[in-house]
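Here is a short report on a predicted model. Keep the structure open while you read.

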Amino acid sequence: MPIVLDMAALFGLSPLGVEVNAALVAPKAEGSFKAAWLTVAKLAGSKAKNMLNYSSFYSNFGVEDSADDDSIAPLGEVEHAEFSLYWLCKFVFCTQTNKVTLEFAHLADYLAQGGRLALGPFLLGHIYRKPHDVVTDGMKPKHGGPLWAFQFWLQAYFPELKGAANITDTEPLANAFARAPRKHNTLTSCYKFFYGLVERTGSQFRVCLARLYPLFLAHDLSVIPDGEMENDLKEIWGSFLVASKAGAEVYLPNFVARQFGLIQTAPLPPLSTNRLSSFRADVAQQHGVAGISFQLQKGMTFLTITP
């Protein structure tokens, strides 16, 4: 299954930065779409929900160009956040409701204001949730979620499923896969392929580990350097190997640390009663989410890296 390292190599998403959770607050209140929406919703009344449909959202919040000289109107932070929210809902997380959801409003605000977010683990959690939904609810035509990201991961580790791609070391892998000619794989052919798959070579499992892009992957992750890079490298490995979102997403990469040539440690204990589930942690308040984040960061502090 995908790991945080794959999110970096495939999509260029950083494993480092501020953790994305319900306790996330944008760096400043000015220019916040979440704050502006409260005023808009109050004025719109019962019509507010209809404004979140993709077409309505675009027409209501898009910046109008000048009718005189076709110049583009300048964007403020609110407009930037509105675009980010539209893009996240429609093209990244592919909401099942086919409309903008305010669940990602705080994330859009943070991105619009230049915040550094750990988007890799966040997208990974959503990728894990979708196969869970498919298994528990059955395959449905309108399943939302970033299944597109899971398809790119399959193409990376099982190149037999994709067309010929021109891969370079100056961009994320998914860019090259998106440009490649589409290869149509039927359900029957996929089933036969995986059913008859006996083994994979070591190089096939090191597709993303051997990448030189993004730049932080160009470092030799098997050696702990001296100096300032040691803390950065430790944080990178910590984001890969310390169990994240315990109780919120079943993602325990420390189980497979040995695949990276590292000591395989015991996992952190569950941090909520919501065990063996891919749904959200059993917390009702923001301080509860912040408490989980603190415990995970504390666990990362004591991470011992042994090449």
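## A helix crossing

Helix α1, residues 4-11, packs against α6 at an angle of about 105°, and the two axes are 9 Å apart. That angle makes α1 roughly perpendicular to α6, because values from 65 to 115 degrees count as such.

Which residues make the contact? From α1 come Val4, Met7 and Phe11. From α6 come Gly120, Pro121, Leu123, Leu124 and Ile127. Sorted by class, the contact of α1 with α6 has seven nonpolar residues, one polar residue and no charged ones.

## Overall make-up

The protein has twelve helices and zero strands.

Of the 307 residues in the protein, 42% are buried. Now take the contacts between residues at least 6 apart in sequence. Of these, 65% join residues at least 24 apart.

## The largest pocket

The largest pocket has a volume of about 1100 Å³. Its lining counts 28 residues, and the closest to the pocket centre are Leu147, Phe150, Gln151, Leu154 and Cys190.

Which helices supply the lining? At least two residues each come from α6 (119-137), α7 (147-157), α8 (173-179) and α9 (187-195). Helix α7 gives the most, with seven residues. By class, the lining of the largest pocket has 17 nonpolar, seven polar and four charged residues.

## Helix α4 and its cover

Helix α4 spans residues 77-92. Its buried residues are Ala81, Glu82, Ser84, Leu85, Tyr86, Leu88, Cys89 and Val92. What covers them? The cover includes α2 (33-44), α3 (54-61), α5, α6 and α7.

Look at cysteine 89, which lies in α4. Cysteine 89 has a relative accessible area of 0%, so it is buried. Setting aside neighbours within four places in sequence, cysteine 89 is in contact with Tyr54, Cys94, Thr95, Lys99, Val100, Thr101 and Phe104. Leucine 102 is 13 residues from cysteine 89 along the chain, and their C-alpha atoms are separated by 9.2 Å.

Most residues other than glycine have a negative phi, and most peptide bonds are trans. Where are the exceptions in the loop between α4 and α5? Cysteine 94 is one of them: it lies in this loop and has a positive phi of about 45°, although it is not a glycine. Cysteine 94 follows α4. With a relative accessible area of 22%, cysteine 94 is partly exposed, because the cut-off for buried is under 20%.

Asparagine 98 sits in the loop between α4 and α5 too. Phi of asparagine 98 is near 55°, a positive value in a residue other than glycine.

## A cis peptide bond

Which peptide bond is cis? The bond runs from tyrosine 213 to proline 214, and its omega is near 0°. Proline 214 is in the loop between α10 (202-205) and α11 (229-241).

Serine 32 lies in the loop between α1 and α2. Is serine 32 buried or exposed? At 12% relative accessibility, serine 32 counts as buried, because the cut-off is under 20%. Not counting residues up to four places away in sequence, serine 32 touches Val78, Asp109 and Gln113. Serine 32 and alanine 81 are 49 residues apart in sequence, yet their C-alpha atoms are 7.2 Å apart in space. Alanine 81 is one of the buried residues of α4.

Proline 131 is placed in helix α6. Proline 131 has a relative accessible area of 22%, so it is partly exposed. Histidine 143 is twelve residues from proline 131 in sequence, and the two are 9.9 Å apart, C-alpha to C-alpha.

Key: Residues numbered from 1 in each chain as written. Predicted model: local features only at pLDDT ≥ 70, side-chain atom pairs only at ≥ 80, totals over all residues. Heavy atoms only, no water. 1 Å grid on protein atoms, 1.4 Å probe; cavity = no way out; pocket = protein on both sides within 12 Å on 5 of 7 lines; lining within 4 Å. Points joined across faces, edges and corners; volume = space filled by probe spheres on them. Helix = DSSP H or I, 4+ residues; strand = E, 2+ residues; numbered from the N terminus. Nonpolar A, V, L, I, M, F, W, Y, C, P; charged D, E, K, R; others polar. Axes fitted to C-alpha atoms, helices over the stretch in contact; angles between N-to-C directions. Parallel < 35°, antiparallel > 145°, perpendicular 65-115°, else oblique. Contact = heavy atoms within 4.5 Å. Buried < 20%, exposed > 50% of the residue type's maximum accessible area, 1.4 Å probe, protein only.
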